[in-house]
Structures are given as structure tokens and as C-alpha cells.
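Please look through the structure shown below.

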Amino acid sequence: MQLQFDPTSLVPYFGDLAAGARLTALACALALAGSLLLGILVALMRTAASAPARRASAVYVDVFRNVPFIVQLFFLFYGLPEIGLELSAFATGVLALSLAGGAFTSDAIRAGILAIDPGVLEAADVSGLSRAAIYRRIVLPIALRSAVRPLGSVFVNLILTSSILSAITLNELTGSAKIVAADTFQPFEVYALLLVLYAVLTWVVSLSAGALHRRLNREHAR
Amino acid sequence: MMRYTDFTTHDLLLLLQGLGVSAALFAATTVIGGIIGLGWALLRYYRVPLLAPAAALLAELLKNSPVLVQLFLVFFGLPVLLETDLTPVQAALVTLSGNTAAFIYVIAVSAIESVGHDQTETARVFGLSRWQTLRRIVAPQAAAFGFGPLAGLLINQLQVTSLISVIGVIDLTKVGAILNLRTLKPFIVWTVIGLLYYLMARLIAGACARVEARLRAHRQWKGL
């Protein structure tokens, strides 16, 4: 038995992998924006006074947290064309990531909202601010600021989950690595490199989220 | 060519079979991963040189990379490197066990660290060996501490099993893909598959809640 581990022959394929990485970055950035929008909306619904809003948002979070992402993805990828909605694999992937990410994001933001001192909200209420102003100027800034670190780990999960988009023919980082592995007959080197790449990427993201969190909350450290 | 686009009773058997494969692989890899992860945590507890940091690094790598890439590395990469053959089920067993082990390790380490140093110091002064301290002092408290995160992990790992369909294991998700291709009724098929996963997750959450209630039973005031 001879052990061969020769990553140098992968150098000509770095361009392909970089193109895949760009697609992953784009999908994750769009899905992050989508998750945040959806997560804020759902978090507000979950902390709302209206019971139907609370119930509907709880069902959404419960379903999207307890069904595997690949099942959600296939549901959208094969299901949407059935109802006449022809989306590209990329758009479907971003939509699926946003829907799943929204459920986890809403959890982080909800925790931030619930941690707000009720006295602050009462003070805002008696000072005559409108509801929209209270949400926009008081609730969301405080909730989002205290949720930066948990949101960072949601984003890390989003990046790891985005590898599953390769299952719907999208050649993001994992998808393009599959092609390189088949071309070079060096699957071990390719996937080992890929594994380390993802680990470094997510490590940088969680370090940055931690630093941002400390910076934004430095005056409110407990 | 004839197409059987209607659902048949055979599909029900196929669904049950997929459900069984997913449940069995989940159970097996939870047990194997649990044992390996606790072993890694023991290496750290005993501060074994080289092996302890190696386990920490491996856990960190597995925790921070996509399970799909780990699956590809094991299923496509390992056979080439070692010049052996791996069936999809073997590759799934290896990958999911390793991945579960990484998360069990993290939970076990933070659970062990949740037990204050004053307690372990006291145990040492009383002449307890490191193993006795672990067994009698640390383990019971760490188990109670780590149970909440463990319940969350189990539900997550159940969902992770769905990825083995990509390397060709006929699990619940793969059965979904087969039925989807044949019946061309994606909404029905994926709703049923999703529902089955949801019910399994509920089952696990319910079982964990019952065990946790028993673990906390001693804290409840039972009256004099």
C-alpha cells in the first residue's frame, strides 16, 4: 500500500475553486440579508401582543428547524416549477437558505428583544413615541446589537449549509470541488483542502462576529 | 415505456424502509459517536500529551466544516488514499459517527468545566484519585449540565443523516427522491418526507424532555 498525498497538482484548478467560492460567498451574502429581513419580521411577530401572529410565527420556526434542509430544498426546487414559478437553481438556493436561516435568525433576535428591560419600553411608550418609532429606534437597535454573536453562529451555519446547494446542480464551492475531484482523480486531496477551507472561513467569520459583538456592546458589558 | 405515476402500496413499504434506515443509522452513529466523543473528552481530562490537542483540533475541524464535504472525503477520498473499498453505508457510519463525536466532545468538555475547580481540588485533598473524582464528583453534575445541549444535538444530528442520501444510501430522503422522480408529485412527496422527519424530531425531543425531568426530579420539593 502506498500513501500518496500530493496537493501541488491541484494548483491549476485554484481558479475553478475560486469561482465556486465566489458563488458561495454571493449566495451566503444574499441569504444573510434574506434571513435577517425574515428573522426580524418573525421575531417581531413572535414577541407581538397578537396571539395569531405569535402562533403563525411559532409554527414557521418549528417546521423549518425540525425538517432537514435538503428536504426543504428539494421541496422548493421540484415543487416551485409545479406551480409555475420557474426559478434558477441559484435563486432557489438563496430562497431556501433564507427561509431556513430566517427561523434560526428569529430565535437570536427574539432572545435579544426579550432581554430588553421592560422599563425602557414603558418609558418609550409614555413619552408618546409611535409603535413604529419604538420598534425602529429602540427595540431593534438594542435587540440586534445584543444578538450579534448568536447571529454570527447562525451565519456560520448558513455557510456550512450552503454546501448542500451542490445537490441541486449549483456549482458553488462544494459543487466545483466535485468537478475538480473528478477531473484530477485526487478526491482525498481536494476534499481535505475543501474541509480546511471551510473551517478557516467559518473561523474567520465567528472571530469577526465576536469582535464586532464586543465592539458594539463595549459600553454595556455586564 | 410504462410509467407508474400513481402511488402504490409498495411505496408505503419503501417509505418504511427508508425511515428504518435513517433511524438505524441515527441510533448507531449516536452511540458510536457518543463513545468516541467521550473518549476524546477523557484525553483532555487526563491531559494526555499530543493526543488531547489532536482530538481538540480534529473536533474543531469537524465542527466547522460541512458534513457533506466530510462525507465526500470519506466516501470518495479515503478509498483512493487507502486503496480500499467503502460502501455508502460504511462511509455514512464513519462520517456521521465522527461528526457526532466532535459535537459530543464539545458538550462534554464544557460540561466537565462547569463543575468548579474547588470541588475537584477538595476531592484531591481528600485523597480521591482522578478517576474517582471524575466518576463520583464530576460526571453526575456534568451529565445534568450537558443534557440540554445533548438534546439539541440529537435533533440536529437526525437532520444531518438526510445528507447520506447524496452518496446513495437509501434513507428516507433518498426514498423521497425516488418517489419524486417516479410520481412527479413533488409537493406530496416532500411534504410526507418532511412530516416524517418532523415526527421523528418530535419523538426525540419528547424522550429527551422525559429523561431531563427525571434528572431534575431530585430538585423538586417533595414535601416532608
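In chain B, H1(B) passes H6(B) in a right-handed crossing. The model is a predicted one. Helix H1 of chain B covers residues 9-45, and its axis lies 12 Å from that of H6(B), at an angle of about 140°. An angle counts as roughly antiparallel over 145 degrees, so H1(B) and H6(B) are classed as oblique to each other. On the H1(B) side, the residues that meet H6(B) are Phe26(B), Thr30(B) and Tyr45(B). Their partners in H6(B) are Leu134(B), Leu154(B), Gln157(B) and Leu158(B). Sorted by class, this contact has 5 nonpolar residues, 2 polar ones and no charged ones.

A second pair of helices can be followed in chain A. Helix H4 (residues 89-114) and helix H7 (residues 148-161) of chain A have axes that come within 9 Å and cross at roughly 160°. Because angles over 145 degrees count as roughly antiparallel, H4(A) is roughly antiparallel to H7(A). The crossing of H4(A) and H7(A) is right-handed. H4(A) brings Leu97(A), Ala100(A), Gly101(A), Phe104(A), Thr105(A) and Ala108(A) to the contact. From H7(A) come Pro150(A), Leu151(A), Val154(A), Asn157(A), Leu158(A) and Thr161(A). Of the residues in this contact, 8 are nonpolar and 4 are polar, with no charged residue.

Chain B also has a helix H4, which runs over residues 88-114. How far apart should the ends of its 27 residues be? At 1.5 Å a residue, H4(B) should span 39 Å, and its end C-alpha atoms are 39 Å apart, so expectation and model agree. H4(B) is mostly covered, with 20 of its 27 residues buried.

The last step is to the place where the two chains touch. There, 31 residues of chain B are in contact with 29 residues of chain A. On the chain B side, the elements that give two or more residues are helix H3 (67-82), helix H6 (130-160), helix H7 (172-183) and helix H8 (186-215). Which of them gives the largest share? That is H3(B), with 10 residues. By class, the side of chain B that touches chain A has 20 nonpolar, 10 polar and 1 charged residues. H6(B), among the elements listed for this side, is also the helix that H1(B) meets within chain B.

Conventions: Residues are numbered from 1 along each chain as its sequence is written. Chains are lettered from A and ligands numbered from 1 in the order in which they are written. This is a predicted model: local features need pLDDT of at least 70, side-chain atom pairs count only at pLDDT 80 or more; totals for chains, interfaces and linings use all residues. Two residues are in contact if their C-beta atoms, placed from the backbone, lie within 7 Å. Helices (H or I, at least four residues) and strands (E, at least two) are DSSP runs, numbered from the N terminus. Ala, Val, Leu, Ile, Met, Phe, Trp, Tyr, Cys and Pro count as nonpolar, Asp, Glu, Lys and Arg as charged, and the others, Gly among them, as polar. The expected span of a helix is 1.5 Å times one less than its number of residues. A residue is buried if 20 or more other C-beta atoms lie within 10 Å of its own, exposed if 12 or fewer, and partly exposed in between; C-beta atoms are placed from the backbone. Axes are lines fitted to C-alpha atoms, for helices over the stretch in contact, and angles run from 0 to 180 degrees between N-to-C directions. Angles under 35 degrees count as roughly parallel, over 145 as roughly antiparallel, 65 to 115 as roughly perpendicular and the rest as oblique. A crossing is left-handed if the near helix is turned anticlockwise from the far one by less than a right angle, and right-handed if clockwise.
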